[in-house]
Amino acid sequence: MKGLKRKARKTRVRAMSPERLKQFGEAWGRADIDALMEFMTDDCVYKASVGPDPGTTYVGREAVRKGFAEVLAYESGGEPKAGPVWVLGSRAVAEWSYIITRPDGRKVEIRGCDLFEFDGDKIRRKNAFRKAYP
């Protein structure tokens, strides 16, 4: 239609907020895989802090769901503790820890952090790191 000007429509893209990322951490602490997957994009990637290479990489929703289940099973019996979260645009860092009881009864705090990349208010990439203990 000649002569009609098209108005540029501004769309507001929601971004991941620190509160929403904390909700993801709470779902992780509950081992709620269905809730965790609600936070993930269709093309998500999860780089676990355990496994070969040094840590297993899972690509795509089905693989990431499997990876979350495997790591949560590995961490079962631990007491999760959320740490601070920093969101910087489309990226974030979240500290975490969990306390495990060794066979000799000694309690050990495993500490780590996750690096996140977002697509709007969804997680596209979660890359986990943990402190190694002998």
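The following questions and answers concern a predicted model of a protein.

Biologist: How many helices and strands does the secondary structure of the protein come to?
Modeller: Read along the sequence, the pattern is α-α-β-β-α-β-β-β-β. The secondary structure therefore comes to 3 helices and 6 strands.

Biologist: How far apart are the end C-alpha atoms of helix α1, and what span should its residues give?
Modeller: Helix α1 runs over residues 18-30, which is 13 residues. At 1.5 Å a residue these should span 18 Å. The end C-alpha atoms agree with that, being 19 Å apart.

Biologist: Which residues of α1 are buried, and what arc do they cover around the axis?
Modeller: Leu 21, Phe 24, Ala 27 and Trp 28 are the buried residues of α1. They sit on the same side of α1, because the arc they cover around the axis is only 110 degrees.

Biologist: Why do the buried residues of α3 line one face of the helix?
Modeller: In α3 (residues 61-74), the buried residues are Val 64, Gly 67, Phe 68, Val 71 and Leu 72. An α-helix has 3.6 residues a turn, so residues three or four places apart point the same way. Seen down the axis of α3, the buried residues line one face because they fall within an arc of 125 degrees.

Biologist: What covers the buried residues of α3?
Modeller: The other side of α3 has exposed residues, Glu 62, Lys 66 and Ala 73. The cover over the buried residues includes both helices and strands: α1, α2, β1, β2 and β6.

Biologist: Which residues touch the most other members of the largest nonpolar core?
Modeller: In soluble globular proteins, nonpolar side chains tend to be buried together. The largest nonpolar core here has 27 residues. Elements giving two or more residues to this core are α1, α2, β1, α3, β4, β5 and β6. The members touching the most others are Leu 21, Phe 24, Tyr 46, Phe 68 and Ile 123.

Biologist: With which residues is Ile 123 in contact, leaving aside its neighbours within four places in sequence?
Modeller: Contact requires heavy atoms within 4.5 Å. With those neighbours left aside, the partners of Ile 123 are Met 16, Leu 21, Phe 24, Phe 39, Met 40, Thr 41, Cys 44, Phe 116, Glu 117 and Phe 118.

Biologist: Which element supplies the largest share of the lining of the largest pocket?
Modeller: The largest pocket has a volume of about 540 Å³ and is lined by 29 residues. Nearest its centre lie Gly 25, Trp 28, Gly 29, Pro 80 and Trp 96. At least two lining residues come from each of α1, β3, β4, β5 and β6. The largest share, 7 residues, is that of α1.

Biologist: What separates the C-alpha atoms of Lys 131 and Ile 110?
Modeller: Not counting residues up to four places away in sequence, Lys 131 touches Ile 110 and Arg 111. Lys 131 and Ile 110 are 21 residues apart along the chain, and their C-alpha atoms are separated by 6.6 Å.

Key. Residues are numbered from 1 along each chain as its sequence is written. This is a predicted model: local features need pLDDT of at least 70, side-chain atom pairs count only at pLDDT 80 or more; totals for chains, interfaces and linings use all residues. Side-chain values use heavy atoms; hydrogens and water are left out. Helices (H or I, at least four residues) and strands (E, at least two) are DSSP runs, numbered from the N terminus. The expected span of a helix is 1.5 Å times one less than its number of residues. Buried means under 20% relative accessible area, exposed over 50%, partly exposed in between (1.4 Å probe, protein chains only). The arc is that of the directions from the helix axis to the C-beta atoms. A nonpolar core is a set of buried Ala, Val, Leu, Ile, Met, Phe, Trp, Tyr and Cys residues joined through side-chain atoms within 4.5 Å. On a 1 Å grid over the protein atoms alone, a cavity is a set of points where a 1.4 Å probe fits but cannot get out, and a pocket is an open set with protein on both sides within 12 Å along at least five of seven lines; lining residues have an atom within 4 Å of a point. Grid points are joined across faces, edges and corners, and a volume is the space filled by probe spheres set on the points.
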